[in-house]
Amino acid sequence: MDWTPTISELSGPRYQRIVEAMEADIAAGRLVRGQQLPTQRALAKALDVDLTTVTRAYTEARRRGIMEARVGQGSFVSETSARRAVDLPHPVAIDLSMNVPPHPLEAQLDERIIAGMEAIRAQSGLTAYLNYQPPGGSAHEREVAARWMRARVPHAHADRLVVFPGTQTILFNLLAHLARPGDIVLTEALTFPGIKAAAARLGIKLVGIAMDDGGILPDALAKACRVHKPKAVYLIPTLHNPTTATLVPERRGAIAKIIGDTGTILIEDDAYGLLDRSASPIANLIPERTYLATTLSKCIAPALRVAYLVTPDSGAQRDMRTYLQATVQMPAPLMVALVTHWIESGIADRIITAIRSEAVGRQQLAQRALKGFQFLAKPAAHHLWLRLPEDRPDVAAHLLRNGLAVVAGDAFTIDWTPPHAARVSLGAARNRSELTEALRILVGALQKPADTRQIV
């Protein structure tokens, strides 16, 4: 038996001690990703405890996401530092509806959060971050972020950067700043539901622009700009949500020229840009006409609530800091301090590299499982855009009845008939074992003949 935990020095019920020892050995590298664990009987014998104690420990370890069971093979250290199981609404068993990053063990998030907080405590004390902070980040926090971003965005400087609590807050504040009720903002025909929600709340009309598999069509955008005289254009040009389309340089150049020629403003949502650093933001072509939003939600973790907005100039930066102060006051100071420490120490890039690698692995798994079906995907994306059979309008409902949640195409449409497609968020699976099961359910639903639909 390769692993025998030391539990005599721990306190609490024996089953909890086994789980805590497992967590400690994973953190220390004594247990590694995918390593097979001893059978329950073998471990019970080695520790001289009841079999039920080990069974309870393994159940708890699975609940915490640090261990996974494979039918016919045994128990293994999880491939990810998976999120704890949450109370999912019935009948959802596997939720692939939220577009979140996976958390591979290589990212070492638990250990790095603890170490980062300890470094902050040692430097200035944690209570220093429990009071009000400057809206939009301190000068130091903005300078660290700007310096980090300049590898992709050369014009990023502290006096043009605002730290926000997530991209959603950026979008709401930008729409409130740039447009008034009844004004028009252009987007891709399929777009992020968050911009739809913000526009609806502010009374701003979104108009969708035609796309193909490569993203928004420049000619259609140019025509819409002439016809509608929009207050702004909102785009996700890299790993588009939901289609994964990434605009080629020629289209980026064409869009930049249209924005400049028509005198409008670009809101560039760069949520996924750090997963594909080969794609240069459109903001680099027209920095004076672009608000560029970069978030850590999709490349590290959404609950950090840290995002950066690079504004066209210092005056716009001051305006957006004022809007931020008026709406949510400031991002959470401790989270900003943690992210700043990670950026300065190089840890942020190491975490992103690990998460990007896991995303690639999950896309490869999906490519194999969905061979023969039509879908759009990119190697480092957290999701794919799956074309559903035209004669099967019930696929999404069928999946839900079988415990699998995905997002149907109507959630992303602006003003036209929803496509018969669904976004499948691969990163939302707690580990690759769960993703494999989800894909099995998905393939089964796609292969189900139309004439066998459930009758109710």
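**Entry 1: the sheet with β16 and β17**

I began with strands β16 and β17, which pair in the antiparallel sense over two bridges. The model I am reading is a predicted one.

**Entry 2: an aromatic pair**

I searched for aromatic pairs and the structure holds one. How are the rings of Trp385 and Phe412 placed? Their centres are 5.8 Å apart and their planes stand at 85 degrees, so I wrote the pair down as edge-to-face; the cut-off for that label is over 60 degrees. Trp385 belongs to strand β14 (residues 383–387), while Phe412 is in the loop between β16 (407–408) and β17 (421–425), so the pair ties together parts that are 27 residues apart in sequence. I also checked whether they are covered, and both Trp385 and Phe412 are buried.

**Entry 3: β5 and its two partners**

Next I took strand β5 (residues 184–188), where five of the five residues are buried. On looking for its partners I found β6 (residues 205–209), which pairs with β5 in the parallel sense over five bridges. Within this pairing, Val185 has Leu206 in β6 as its bridge partner. I traced the chain from β5 through helix α7 (residues 193–202) to β6, and this β-α-β crossover is right-handed. The other pairing I noted for β5 is with strand β9 (residues 232–235), parallel and over three bridges. Here Thr187 stands opposite Tyr234 in β9.

**Entry 4: a hairpin and a charge over a ring**

I moved to strands β1 (residues 67–70) and β2 (residues 74–77), which pair in the antiparallel sense over four bridges. Glu68 stands opposite Phe76 in β2. The hairpin has three residues between the strands, and Gly72 in it takes a positive phi near 80 degrees. I also looked at Arg56: its charged end sits over the ring of Tyr15, 4.0 Å from the ring centre.

**Entry 5: backbone angles**

I kept a general rule beside me: most residues other than glycine have a negative phi, and most peptide bonds are trans. Which residues did I list against it? Lys229 is not a glycine, yet has a positive phi of about 50 degrees. I found Lys229 in the loop between α8 (218–228) and β9. Its relative accessible area is 62%, so I recorded Lys229 as exposed. Arg305 also has a positive phi, near 50 degrees, and is found in the loop between β11 (290–295) and β12 (307–310). At 33% relative accessibility, Arg305 counts as partly exposed. For the peptide bonds, I noted a cis bond joining Asn241 and Pro242, with omega about 25 degrees. Pro242 is in the loop between β9 and α9 (249–262).

**Entry 6: confidence**

Last, I looked up the pLDDT. The chain averages 91, and 95% of the residues score at least 70. Over residues 452–456 the pLDDT is below 50, and this stretch has six contacts in the model beyond near neighbours in sequence.

Terms used: Residues numbered from 1 in each chain as written. Predicted model: local features only at pLDDT ≥ 70, side-chain atom pairs only at ≥ 80, totals over all residues. Heavy atoms only, no water. Buried < 20%, exposed > 50% of the residue type's maximum accessible area, 1.4 Å probe, protein only. Pairing = 2+ DSSP bridges. Right-handed = clockwise from strand over helix to strand, strands pointing away. pLDDT = per-residue confidence, 0-100. Contact = heavy atoms within 4.5 Å. Phe/Tyr/Trp six-rings, centres within 6.5 Å; stacked < 30°, edge-to-face > 60°. Lys NZ or Arg CZ within 6 Å of the ring centre and 35° of its normal.
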